[in-house]
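Thanks for coming. I have one structure to go through, and I will take it chain by chain.

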Amino acid sequence: MSAAITASVALIEPEPEVARRPSFKSRALHNRTFMAGAVMTTTIVALVLLAPVIGRYSPVGQDLLHTLSGPSALHWLGTDELGRDTWSRLLYGGRTDLQVGVLAVVFPFCFGVFIGTVCGYLGGRLDSIVMRVVDVVLAFPFYVLIIALVFFVGVGTHGIYIAFALTDWVVYARMTRSGTMVARTLDWVAAAEGGGLSRARVLWRHILPNTVTQAIVYSMSDIVIVILAVVTLGYLGLGIQPPAPDWGSMITDGQNFLQSDQWMAIMPGLAVVFTGISLSLLGDGLADILRPE
Amino acid sequence: MADALIEVENLCVSFAAEHGRLLRAVDDVTFQVAEGEVVGLVGESGCGKTTIAKCIAGRVAPSAGTVRFEGRQLGLKRATKDRRAIQMVFQDPYSSLNPRMTIRQVLSELLRVHRLVARADLEERCVQLMALVGLPSDALDGLPSQFSGGQRQRIAIARALAVEPRVIIADEPVSALDVSVQTTILRLFEDLRSRLGLTVLFISHNLAVVRHLSDRVAVMYLGRIVEEGDRESVFRDPRHPYTRALLASAPRLHQIELVRPTVKGEPPSPIDIPTGCSFHPRCPRATEVCTSDTPRLERVRTSAVHFAACHFRDETSPEAVQGP
Amino acid sequence: MTPILEVEGLVVEMTRHGVAFRAVDDASFSLERGGALAIVGESGCGKSLTLRAIMGLLPSGGRVASGRVVVDGVTLDTAAGGRGRGHSQRQRMSIVFQDALSALNPVATVGNQIAEAPRHVLGFGRSASRQRALELLRLVGIPDPERRYRAYPHELSGGTRQRVMIAIALSSDPAILLCDEPTTALDVTIQTQILALLAELRAERGLSLVLVTHDLGVVSQVAERLAVMYTGRLVETGPTGAVLATPRHPYTAGLLAAAPNVDAPEYEPLAIPGSLPDPLRLPSGCTFHPRCRFATPECATTDVRLEPVGPDHEAACLHSDELATTRAAGNRG
């Protein structure tokens with residue numbers, strides 16, 4: 001047959017040219033949601049990366065002569081009760097929070113997607129066992145679990161990473177599992193398997209690229225969830241430990257001064273909101289762009 | 001007669017249904033497909049034709065009976081070369097291609113994994129496969145979403161051919177296409193068959209298409225073959241009332257009078273197959289014996305190549321020998 | 001007698017990826033009282049949208065840009081969707097869709113779905129609407145109506161579901177039944193039954209029928225008038241027998257020649273060369289000209305319209321006479 005394929009000429013009238021699909025870059029640039037999200041996120045990242053340059057003071061340096069001062073030329077956003085510059089704390093706090101937010105999501109994403117895909121494809125005992133574990137984790141209220149784990153493992157960033165690693169993967173697992181279960185029934189998977197491709201290859205090169213996009217989009221909001229959790233933990237004193245700056249503890253500290261010096265709590269709050277919106281837009285935009293039509 | 005390439009013997013496929021009952025999708029089916037032949041498998045929805053296809057292609061395990069290829073029994077797990085030898089083309093052009101892989105990726109992956117051509121010749125072979133199905137080489141860069149239904153079917157056929165199969169099982173490959181596009185795809189099948197010596201099991205509910213393309217025909221109803229034989233014998237002188245009903249109901253361009261339905265009601269659920277001849281509740285010819293005695297697929301007296309599962313198989317059809 | 005349905009110059013605009021295009025371009029046809037018209041064409045030709053525009057059920061992104069729809073002498077407000085229309089306007093027409101499983105409410109019993117219109121539109125009381133629903137179930141040939149009343153759509157077979165759809169369509173006592181590929185999803189033996197049912201309903205209740213299908217084989221049994229659509233335009237209209245026997249538009253002839261003949265296996269179907277154009281980039285002049293063997297340069301520049309070519313038979317082709325004389329033996333049933 002190989003010879004016959006090589007030797008044959010076009011058997012039927014070739015069809016005219018096929019419509020071109022705009023490239024990823026072009027689609028990305030034209031999607032308003034994505035661009036808005038990308039611009040906002042880039043701004044935030046740029047700002048926090050440039051913290052040493054644009055933050056004019058050390059985030060932990062106290063200036064007890066100028067405590068609780070409002071926005072001024074010296075301190076753009078004022079100072080807190082220990083005279084620490086709010087603007088610098090905001091920037092450095094952003095560094096910490098964003099870093100923790102992204103890193104805490106990496107393991108759950110990778111592990112969750114992997115285990116979800118395998119379970120969805122193979123089914124059987126493995127699937128039952130893993131899904132029961134997922135059910136157990138989901139049965140606990142999220143924050144109760146996080147707090148308990150952080151208590152157990154120890155406060156600070158490593159505690160947060162471990163707590164999220166143990167609990168956050170379940171959402172990814174569920175999501176990719178259902179996507180895989182659906183894909184399994186489709187003809188193009190049947191064709192890939194029928195073509196003699198190994199199961200591992202079908203899973204990795206065929207099914208996964210189709211199911212992972214949903215997880216990628218979700219991971220954007222997950223980063224926000226982590227940041228909020230860190231903020232909440234910080235509020236409870238279980239988050240990033242002082243004197244390292246982070247938005248959570250800034251809000252906690254600022255809470256005592258809401259009547260008089262609101263900017264202390266509002267600024268980090270706005271920072272969280274802004275970050276949340278930008279990641280959300282980025283996620284939505286990605287969902288649009290990554291769709292194959 | 002050429003050697004049987006595919007032999008299906010007493011094949012049964014049943015699935016567990018609710019309340020512990022059994023859904024018999026395929027019930028004791030036996031037939032062969034010879035090398036180079038096109039066998040048309042005809043029947044309406046639920047008759048089991050797709051399940052048989054999946055069994056032969058190794059996607060569904062038989063509950064009983066065997067499927068043989070070149071004399072070797074094949075099951076769900078089979079050698080790679082056997083898996084390559086039998087390829088399927090599916091009905092729905094919109095779900096038969098991976099939406100995220102370009103055509104080039106799909107084809108070259110198959111060629112590479114099975115080491116069918118040297119690395120350096122990969123691109124050339126992809127272009128040849130495209131030409132074989134009448135698509136330009138720049139189609140290789142495209143994603144399925146950029147193609148029409150007919151083009152996608154051509155791509156699906158190219159994919160099936162990429163692994164150099166011996167048998168193609170086409171499961172309603174043109175049912176979802178417009179009539180002119182259907183014709184192009186049917187021509188493609190005909191040409192491929194003569195050029196590449198392909199053997200084809202063509203599954204369809206469209207009698208006109210089956211009559212045009214097949215050498216032999218098997219008609220299925222509720223999991224059983226009710227009539228089988230040489231194409232012209234079956235079409236000119238159908239010996240099973242169900243085949244006659246199918247023929248009578250086939251849409252015809254210049255059919256001015258309304259076709260009177262000769263068959264009552266609808267097919268029962270495959271969980272609840274009637275006793276005796278499974279067609280008897282709907283059959284215009286049914287008598288007492290049909291309710292208790294299941295007719296076997298047996299040769300009709302007047303032909304060596306025509307079989308029917310009906311107690312009245314030797315009665316000629318009232319509209320027999322219709323010509324143009 | 002005024003026709004019961006008249007469509008004049010209907011233009012439906014659809015928007016895809018932000019670009020608007022005419023999915024139905026200047027369609028005009030009429031339906032006599034008690035008559036049946038079939039609109040035939042390939043996928044994407046605009047035939048389903050035509051029905052939906054008449055019913056006021058265009059999908060989002062679609063709108064009636066111009067044209068008139070007159071039902072029994074009353075001009076419909078085509079801009080308003082189904083809800084915006086007057087009660088009596090809605091009542092005159094009903095639509096039957098292709099896929100009963102997705103057109104029916106999966107969580108309501110079929111009986112309740114049939115009883116809905118009598119109850120909430122016609123104002124019947126509860127038991128009166130139930131009685132009406134049972135009557136309709138019987139009318140459409142569903143045995144054991146009391147039991148089937150309580151069934152859910154997924155519990156029924158395809159043919160029965162389609163009968164339920166027809167019953168729902170009849171429940172508001174319409175004068176016109178619009179059918180969008182009513183038998184395409186059904187097995188061929190069931191198709192015969194449904195077509196027989198539609199014919200019976202026409203004969204007994206004087207229903208007028210508009211049938212949209214891509215299957216020319218179904219058309220001749222059901223409709224005495226035929227309209228062929230291509231890229232949103234009507235290219236030929238006329239009595240079914242005349243159009244099928246002597247098509248006067250090359251596209252119609254092409255469709256006829258492309259179908260395999262179940263009674264004549266030696267007939268080699270001919271594909272229409274080329275492929276359907278992108279609706280956003282239609283050829284100029286006669287949109288069929290790039291695929292037509294009779295095409296001449298003026299076909300690309302002239303805005304071709306439907307012209308009479310025979311008794312009650314119109315075709316939009318500059319070469320319809322040439323086609324009539326050179327037509328090969330072609331496909332005979």
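This is a predicted model: local features need pLDDT of at least 70, side-chain atom pairs count only at pLDDT 80 or more; totals for chains, interfaces and linings use all residues.

Chain A, read from the N terminus, runs α-α-α-α-α-α-α-α-α-α-α-α-α. That makes 13 helices and zero strands.

For the dimensions, the C-alpha atoms of chain A occupy a box of roughly 90 × 50 × 25 Å along the principal axes. What share of its 293 residues is buried? The figure is 41%. As for contacts in chain A with a separation of 6 or more, 68% of them link residues 24 or more positions apart.

Now chain C. Here we have an open sheet of eight strands with mixed pairing, in the order β6-β7-β8-β3-β9-β10-β12-β11. Strands β6 (93-96) and β11 (307-310) of chain C are at the edges; each has a single partner strand, so one side of each is left without a neighbour in the sheet. From one strand to the next, the twist averages 25°.

One pairing in detail: β10 (residues 233-239) and β12 (residues 313-315) of chain C run antiparallel and are joined by two bridges. Within that pairing, C:Glu236 is opposite C:Ala315.

Helix α1 (residues 47-55) of chain C packs on the sheet, where it touches β3, β6, β7, β8 and β9 of chain C. The direction of α1 is at about 145° to that of β7(C). Helix α7 (residues 158-171) of chain C lies across β6 and β7 of chain C, at about 170° to β6(C).

Notes:
Residues are numbered from 1 along each chain as its sequence is written. Chains are lettered from A and ligands numbered from 1 in the order in which they are written. Helices (H or I, at least four residues) and strands (E, at least two) are DSSP runs, numbered from the N terminus. A residue is buried if 20 or more other C-beta atoms lie within 10 Å of its own, exposed if 12 or fewer, and partly exposed in between; C-beta atoms are placed from the backbone. Two residues are in contact if their C-beta atoms, placed from the backbone, lie within 7 Å. Two strands pair if DSSP finds at least two bridges between them. Axes are lines fitted to C-alpha atoms, for helices over the stretch in contact, and angles run from 0 to 180 degrees between N-to-C directions.
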